[in-house]
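User: I'd like to go through this model and ask, term by term, what each label rests on. Can you take me through it?

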Amino acid sequence: MTLPLLPVTAVGSYPKPSYLLEARRKHLRAQISKEALTELERRATREWIQVQEELGMDILVDGEQYRGDMVAYFADEMAGFAIAGLVRSYGNRFYPKPVVIGPVGRRSPVTVEWFTYAQSLTKKPVKGMLTGPYTIAEWSFNEYYPTRRELVLELARAIHDEVLDLERAGAAFIQIDEPAIHTRPEEDFELAVEAMEIVTNGTSAYTVSHICYGDVPKIYPDMLRLAVDQLDLALKNEEFGLLQTFKRAPFTKDIGLGVVDAHSHRVESVEEVADGIRKTLQVIPAAQVHISPDCGLKTRTIDETVGKLRVMVEAARIVRNELTGILSPRPR
Amino acid sequence: MRETGTGNKEQGTEDTGVMTTVIGNYPKIPDLPAPGKWRSAVEKFQKGQLDEAALRAVEDEVTKEAIADQVDAGVDLVTDGQIRWEDGQTHFARRLRGFSINGLQRYFDTNVYFREPVAEGSVEWTAPITVQDFAFAREVSARPVKAVVTGPFTLAKLSRNAHYSTFAAYVRALATAMNAELRALAAAGAPVVQVDEPALCQDKEEFPVFAEAMRVLVQGVAAKTILCTYFGDVGGVYPQILELPFDVIGLDFVAGHRNWDVIRSAPFSKELQFGVLDARNTRVETPEEIAAAVRRIAGSVPPERMMLAPSAGLEFLPHGVARKKLRALVEGARAAASDVKGARA
């Protein structure tokens, strides 16, 4: 499959429609069955695939309608974890934090079924979406492994098996989210590099790692050693301040360029987003740039999400046309 | 939900010589599946279905419950749980003059995020920030309440300076502003005021700036003062840290396990807030483990010169685990105290 210049994608999560939120609440209280909930999760997935197709995005995501939290989802599906309870991440956002209570590992493939379903709905490529071993370890309490290293490497082997299963199921793009990777850069970054080598070893899929917030300059250019094809980063959150960092050393991988803020209600203007892309192209060649939001959009409203996706697509089209010198009419 | 403020003053460990306290924040909502009244209230407030007075009333209730958890567990010196704080930075920056609030940043090596304050003008204290909350907590608590503020160095490190020409000038301005807050707390009758400075453990090379700020900060503050560090050790600034004008120094012996060695490198001349229960792991310490830690440090700090504490705020834990940690803290103090009595008998 061929991608256009500046392909447009998303980080992973989209907001859940109100019927699904309601169904999740009811399921929690045992008022509806797992099957009934799954049916609504599939409906929401279909709707998001359709939205992305209609907007003209290039690499789609399934929207993670069946996940509560990016770490708890894997903890729930894998052996060795329990859920300790809710802890606050910011404002009034809480997440169920897992606790490692025994040897961790896969019981069976975790994400393959949902990937296969989402891919069956579209001819556009759908990204396989995984949470990386360092982040799963870092965002869980550990009551079992004597060291973080042992836990991270054991998880890396499990996520590697998942990568191979996704590839076998037809995933050409696989994203391994590692938003926690720069939590303790001095102490742990080599461990994170080692873990990612295990995770992507032997796969021919195009691999992406999403890293957000925290001190990115501190791990640059070291982060370019991570064994993935693309690093997906939040640029808009600091108004493209990270570009100064990327001037220190050439950005040798592809970049997933976060061009809209995932945590503001305001939908950016097309011109503002196009400017962000143009600014980036002065530092990183266009052939290496994918267009993306800063982070998963699940905390936005549906209208805000669609609005932000739309301006990404339009801004990418404008800049793409500037680059190729084609003043094409609007598609459709 | 339990009755609040029912703590029994006869319980606890004040007779046995090992005092207990907490660092500051406490979970705002109960365990699953309940969304919790605070979370529901904030959601309704954001949708315009609840007015500010009603939200404040819910915060009052949850504050009472957080205090009751501490009092019922037998903690000697409690806090208000910082239920009303979104985080330690914006709680002050939004109420000082000179700041705007920017995008999300990670809080040290945690999975907690806060909006970054930006100093766009001269930083000034205009009115008390935490005094009313302290007065409320004292009113509803059966135990003494410790007032807690974020220190100027940490506020400076976790914000962006777009106004002052040097970092030192920025920290000094924050120290002057926060000095007014500490004086206001002392004037309101706060017996103990704690200044949180976790950033010191990350940026020790700036100790001269830090030390100057601390002197400005506590000038004329008529209360017992605690300098509280966490998320790391104080190696490199010890024993200089003992020369700062505080009565108590808080150290984290979990994330800062090197503090075990650091504290042996020179006589510890102050009172110690002994952060030894792991506030960031669900595994609950046994009384024997805590008693052993008290024995281990006794050569540097005798039990009567310490307050046992968790290593950081308990809000990193789910509510049910935080409550267990409070009980473990007090049971640990009792085990340590009977150890001491046994040794002296």
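User: Let's start in chain B. What makes β2-β3-β5 an open sheet, and which pairing does it have?

Analyst: The 3 strands of chain B line up in the order β2-β3-β5, with mixed pairing. Two strands pair if DSSP finds at least two bridges between them, and a strand is a DSSP run of E, at least two residues long, numbered from the N terminus (helices are runs of H or I, at least four). β2 and β5 (160-161) of chain B stand at the edges with a single partner strand each, so one side of each has no neighbour in the sheet. Before going on: this is a predicted model, where local features need pLDDT of at least 70 and side-chain atom pairs count only at pLDDT 80 or more, while totals for chains, interfaces and linings use all residues. Residues are numbered from 1 along each chain as its sequence is written, and chains are lettered from A and ligands numbered from 1 in the order in which they are written.

User: How do you know that β3(B) and β5(B) pair, and in which sense?

Analyst: DSSP has to find at least two bridges, and β3(B) and β5(B) have 2, in the parallel sense. As for who faces whom, V118(B) is opposite R160(B) in β5(B). Helix α6 (residues 167-187) of chain B packs on this sheet, touching β3 and β5 of chain B, and its direction makes about 90° with that of β3(B).

User: And what about β2(B) and β3(B): how many bridges, and in which sense?

Analyst: They pair over 7 bridges in the antiparallel sense.

User: On to helices. Why are α1(B) and α2(B) called roughly antiparallel?

Analyst: Two packed helices are described by the angle between their axes and the distance between the axes. Here the axes come within 10 Å and cross at roughly 170°. The axes are lines fitted to C-alpha atoms, for helices over the stretch in contact, with angles from 0 to 180 degrees between N-to-C directions. Under 35 degrees counts as roughly parallel, over 145 as roughly antiparallel, 65 to 115 as roughly perpendicular, and the rest as oblique. α1(B) and α2(B) are therefore roughly antiparallel.

User: Which residues make that contact?

Analyst: From α1(B) come K37(B), W38(B), A41(B), V42(B) and F45(B), and from α2(B) come L55(B), V58(B), E59(B), E61(B) and V62(B). Contact means C-beta atoms, placed from the backbone, within 7 Å. These residues divide into 7 nonpolar, no polar and 3 charged; Ala, Val, Leu, Ile, Met, Phe, Trp, Tyr, Cys and Pro count as nonpolar, Asp, Glu, Lys and Arg as charged, and the others, Gly among them, as polar.

User: What makes α2(B) oblique to α4(B)?

Analyst: Helix α2 (residues 52-73) and helix α4 (residues 131-140) of chain B pack at about 55°, with their axes 10 Å apart. That angle makes α2(B) oblique to α4(B). D60(B), T63(B), K64(B) and I67(B) in α2(B) meet F136(B), A137(B) and V140(B) in α4(B), a set of 4 nonpolar, 1 polar and 2 charged residues.

User: What is the strand order in the open sheet of chain A, and which strands are at the edges?

Analyst: The 6 strands run β3-β5-β6-β7-β8-β9 with parallel pairing. β3 (128-131) and β9 (289-292) of chain A are the edge strands, as each pairs on one side only. Neighbouring strands are turned by 25° on average, direction ignored.

User: Last one: how many residues does each chain give to the contact between them?

Analyst: Chain B gives 28 residues and chain A gives 27. On the side of chain B, β2(B) supplies the largest share, 4 residues.

Notes. Contact = placed C-beta atoms within 7 Å.
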